[in-house]
Amino acid sequence: MLKQKAPSAATRADLCRITVRGKDGSEDVFDIRRNDLLLKAAIDQGIEYPHNCRVGVCGTCKTRLISGRVSPMVDLALSPLKNAEIEAGFVLACQAKVRGDLVVEVKLGHHTMLPVTTVSARVSRWRKLPGEVIDLRLALDTPVHFHAGQYATIAESGSFTRRSYSFYDAPPMDNGAPASEVGFLVKRLPGGRFSEWLFAEDRSGTKFWMEAPFGVMGVDEYDRDGLCVAGGTGIAPILSIVADRLRRSTTAKFTIVLGVRSATDTFAEPYLRALVDQAPDRVRVVTILSHEPEGSTWAGPRGLVTEALGPELGLDFAQVSAFICGNLGMVEAVERKLIGLGVAEERIHADKFIPSGTP
Amino acid sequence: MTDYFKYLLSPAILSLHAWGMWMGGNYTWIGLAALVGVLCFDAFLPRDYSMRDQRYVRIYDVICAMTVLASFGNIFFYAWLVGSGHFETTASSIGAFVSMVFIGFVIGAPPVHELFHREEFVLRWLGRTGQCLIYDPWREITHVVTHHMRVATPDDPDYARRGDTVYGHILRTFPGQWKEAYHLEKMMWTKRGRKWFDPRNAWVYKAATLVIFTGILYALGGLLGTVLAILSLLLGPRMMLEVFNYVNHYGLISATPGRFEKHHTWNHISPLTRILALEITNHAGHHEDSYKPFYKLEPDTNGPVQPQFLLVVLLAFVPPLFFMMIKPLLKHWDQHYASPQEREIARRENERAGWHELNQPDPVNDLPPGIWRVAEA
Ligand SMILES: Cc1cc2nc3c(=O)[nH]c(=O)nc-3n(C[C@H](O)[C@H](O)[C@H](O)COP(=O)(O)OP(=O)(O)OC[C@H]3O[C@@H](n4cnc5c(N)ncnc54)[C@H](O)[C@@H]3O)c2cc1C
Ligand code: FES
């Protein structure tokens, strides 16, 4: 999978050899130019290096440096890495300038990397859903390829404000075709620059710019059963992943655990219903409410989303692939819980909705 | 070989200035005169896109470090002269002060900036400590983190939007930087599990450096010497750096924050400015890789160019003139350099500034394409 494409201008002396060890004992080797950023250089060569934001805020490109030297662009204490991780030799690949040969530990994906493009688009749907969420669909002037679970960065034409949102659609049916329309679920954040603007009035027809695709969330064997855990609009990439996998496997079953605040937050219902209708015996949805008033008619589970995860789900935790999406605290709590239940660490795929803009 | 000696111009002007102050009387103006003379001469020279000789790069580092040390010597010398009543006439006092202000900016600040971006421990330490010469050891953190990450967007406190005057910019940028510096420092001590006053925190070290620096000024120059020395640093390098930031990315627009592209900065590539400013005005290369030492920066042969540095800085203080200079250049940038998405943001920024004429193409009066491209040899 690693196409060796040495940059033409570089001589041997300028190249650094990067050896990537996976936790499973795998080893990949590639060369990049000295002083290039590790992540950018790897991606440019088509290597599926885990990443999200590419600007040092999400922590997805976390890499353990076993030997060799890199220079971080900013003090790592200003990054999402924890202090213990910094002391244990972790760096952020997107911020690391390569200064020599490296041996690193990180889990590379082995899918085809799709090229990131910027395209113009118009809002083809702007619909308010219960629970302060907007279903925003963009008709793209140039169709774009993406994998299930990936996300885009969008900005209104003329505005500096860019934000990231996950596609809720599965990639088009016929394998390899690009999508000419894409949809996002945008939660209103009180005081939020982009979401408040989007909520203020019907934005149908407004021109947008979209840069995509980003992220590597939906990777794992297709025939594995999936446990999908989402908080709020974190359901978007889960919808995409489950719809895609239902088509790709005839056997895999999916349990979707969705945490929202109250019984009135029903924004995800029609999308989930469509999934269940597609394969009633293979998709199951558990909704758990965190702020439902006492004594309401809700008969389902109450509490944080972690409380819905346990043996009562009747899953073989040692075998499932887990997909988690939501805000940072929720994702971390769910990861801890799942590891405790016996889910293998390398089969946990998470996407954190950290603030994607600047303050 | 001459490439190396070019950078001795700064220490040479510094020495001349020190000599002038020592001589007293009207000689105190000599530093300023030399500086302005060099920059005026520079205005008549053609742009210089040459690369520097790379064989003995340590020489560059030594000259740069020497310039920082000499700048320290210079400010201490000034404080001492003031304290000992050396400047007898008003003209000599003013001459020395004004020379300090401009020399501190043009000659003192660039090597400090250069070194705090470096990786080598000693050079970086000198650069960080050297921030006493701008009397603000906190400048580095918002510069390295915020400015380099968010350049050419309103989320960068160092960025001036279309229609902003330098005075408004100064009022906005300082609180913006302080807020940001506090936020970042706090993040660092919280992450490391320390109390805010922990002596290992960077800010404590910075505060201590500043106290020691002020103490030395006081020991040498007494109250008056200290006050005038600090004032010269605040009015000179500290303030003028913001003027430099103001002009350097003025009105340019990035639709890809966090991913710098060469057209997101202005450049000043006249030969003597490049030398005095340690190539910082040759700005695109610096943003592409902020660890790259000044002598390795490659002038962008197709990058946006402003008129000569001194002229632009002076114009900045007279907003109507500055706008008259910058508007056609911004219009040119919009038409030939902006990405389609950036062009749309520019349209809105022009309307916000009330500069509607920038959104009206005028084939007769608009600048012709290619004004910034180096003619193929
Ligand atoms: C990879 C990725 C995918 C994402 N996908 C989605 C999605 O599908 N749907 C969706 O609704 N959002 C998603 N987000 C979050 C989204 O990008 C924005 O950050 C969010 O919509 C807020 O933007 P805003 O301009 O309204 O608020 P801002 O003006 O950016 O923020 C206002 C205030 O709220 C805080 N804040 C911002 N975002 C969050 C957050 N997520 N949680 C808690 N506090 C926050 C900020 O720190 C700030 O103080 C995703 C983020 C990432 C990184
Ligand atoms: S990709 Fe490196 S921190 Fe987000």
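Predicted model: local features only at pLDDT ≥ 70, side-chain atom pairs only at ≥ 80, totals over all residues.
Which residues is A263(A) in contact with, leaving aside its neighbours within four places in sequence?

View 1. Leaving aside neighbours within four places in sequence, A263(A) is in contact with L289(A), E292(A) and W298(A). G300(A) is 37 residues from A263(A) in sequence, with a C-alpha to C-alpha separation of 9.7 Å in space.

**View 2. H169(B) in helix α8 of chain B.** Helix α8 comprises residues 166-191. H169(B) counts as buried because its relative accessibility is 1%, where buried means under 20%. Not counting residues up to four places away in sequence, H169(B) touches P157(B), D158(B), Y159(B) and A160(B), together with E242(B) and Y246(B).

**View 3. The largest nonpolar core and the contacts of Y250(B).** This core has 95 residues. Those with the most contacts inside the core are I75(B), Y78(B), F213(B), Y246(B), Y250(B) and F322(B). Beyond four places in sequence, Y250(B) touches A160(B), R161(B), R162(B), G163(B) and D164(B), as well as W266(B), F322(B), F323(B), I326(B), L330(B) and W355(B).

**View 4. Another nonpolar core, apart from the largest one.** This core has 32 residues, among them V133(A), A252(A), A279(A) and C325(A).

Definitions and conventions
Residues numbered from 1 in each chain as written. Chains lettered and ligands numbered in written order. Heavy atoms only, no water. Helix = DSSP H or I, 4+ residues; strand = E, 2+ residues; numbered from the N terminus. Buried < 20%, exposed > 50% of the residue type's maximum accessible area, 1.4 Å probe, protein only. Contact = heavy atoms within 4.5 Å. Core = buried A, V, L, I, M, F, W, Y, C linked by side-chain atoms within 4.5 Å.
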